[in-house]
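Colleague: I'd like to go through this one with you. Can you show me the thing and talk me through the terms as we go?

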Amino acid sequence: MTDPAAALSLTGLSKEFGGLLAVDRVSLTIGAGERRAIIGPNGAGKTTLFSLISGETKPSDGHIALFGRDVTRYAPHRRASLGLARTYQITNLFPRLTALENCLLAVQALTPAKFHLHRGLHRYPAFYERARRVLEAVGLADREGAAVRNLSHGEQRQLEIALALAGSPRLLLLDEPTAGLSPAESHAMTALLKELDPAITLLVIEHDMDVAFALTDRITVLHYGKVVADGLAHEVKASALVQEIYLGAS
Ligand SMILES: Nc1ncnc2c1ncn2[C@@H]1O[C@H](COP(=O)(O)OP(=O)(O)OP(=O)(O)O)[C@@H](O)[C@H]1O
Ligand SMILES: [Mg+2]
């Protein structure tokens, strides 16, 4: 049964790639406003799980409900219009455009109005206002005119969060937001994510356990596509199985 109060509910969700079960009968419920980390070794199926939730990949079996509605057969844009947004493990920005222009494209993509970047600011005051607000939310207000390729790696990852915020999501999926960041950048990103509107339900794939523990109370562990542990951070950390498969002996 789908919990109508849940932001996200997965039931027996599976994805097979030519005989490989990348996601294996995953059932999960994320409450509205919850912050949950998903951890697991390389190839555990974490990114595939996100692609199933966002609709970019079709499940082999199982069901997905967003805010109490079965969206298993919905195209990605219909899921987005219900309040779902995601970021990607690999940067997904337009490198020659400025930070602000990238945000503008994200803002306008979610509205039916026709938009032309070259027509300038005065034509679309609401778009610019929204774009500036999301830049500010990720601490990039003073970098709006910088071309993306001139931003640091850390700033680019912050900008990706801004793009995901452009549509005012209710459920945000972040795929390794601190991947490739220096310790200082990772720290800044963690602080930024902690400051996000608490009304936004957050599901974060994170390799850095310190970041996962800092951001969320609850952790779900995937291994070979299966949920092998699910609980409060300290419980998961203490689990012998989790230490064996993920944390390692180091
Ligand atoms: N499009 C695809 N076609 C075939 N196999 C795929 C495809 N996408 C993913 N896989 C396989 O599914 C498994 C899970 O991959 P996935 O990228 O979801 O793992 P992950 O947990 O995100 O790993 P990482 O920590 O390295 O990002 C892997 O064995 C991968 O090779
Ligand atoms: Mg991945």
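**A helix on the inside**

Modeller: Let's start with helix H3 (residues 99–109): 8 of its 11 residues are buried, so the helix is largely enclosed by the rest of the structure. Keep in mind that this is a predicted model.

Colleague: Which residues of H3 are buried, and what makes a residue count as buried?

Modeller: They are Ala99, Leu100, Asn102, Cys103, Leu104, Ala106, Val107 and Gln108. A residue is called buried if 20 or more other C-beta atoms lie within 10 Å of its own.

Colleague: What do the buried residues of H3 pack against?

Modeller: Two helices, H4 (125–137) and H5 (153–165).

Colleague: On to ligand 1. What surrounds it?

Modeller: The residues around ligand 1 include Phe17, Leu20, Asn42, Lys46, Thr47 and Gln89. Helix H1 (46–54) and strand E2 (20–31) each supply at least two residues of that shell, and the largest share, 3 residues, comes from H1.

Colleague: How many residues of the shell around ligand 1 are nonpolar, polar and charged?

Modeller: There are 4 nonpolar, 7 polar and 1 charged. Gly counts as polar here, and Gly40, Gly43 and Gly45 are among the residues around ligand 1.

Colleague: Which domains does the assignment give?

Modeller: Domain 1 (1–83 + 169–250) and domain 2 (91–168). Their C-alpha centres lie 26 Å apart. The contact takes 11 residues from domain 1 and 11 residues from domain 2.

Colleague: Which helix gives the most to the side of domain 1 that touches domain 2?

Modeller: Helix H6 (residues 183–194), with 4 residues. That side of domain 1 divides into 8 nonpolar, 2 polar and 1 charged residues.

Key:
Residues are numbered from 1 along each chain as its sequence is written. Chains are lettered from A and ligands numbered from 1 in the order in which they are written. This is a predicted model: local features need pLDDT of at least 70, side-chain atom pairs count only at pLDDT 80 or more; totals for chains, interfaces and linings use all residues. A residue is near a molecule or strand if its C-beta atom, placed from the backbone, lies within 6 Å of it. A residue is buried if 20 or more other C-beta atoms lie within 10 Å of its own, exposed if 12 or fewer, and partly exposed in between; C-beta atoms are placed from the backbone. Two residues are in contact if their C-beta atoms, placed from the backbone, lie within 7 Å. Domain bounds come from an automatic or database domain assignment.
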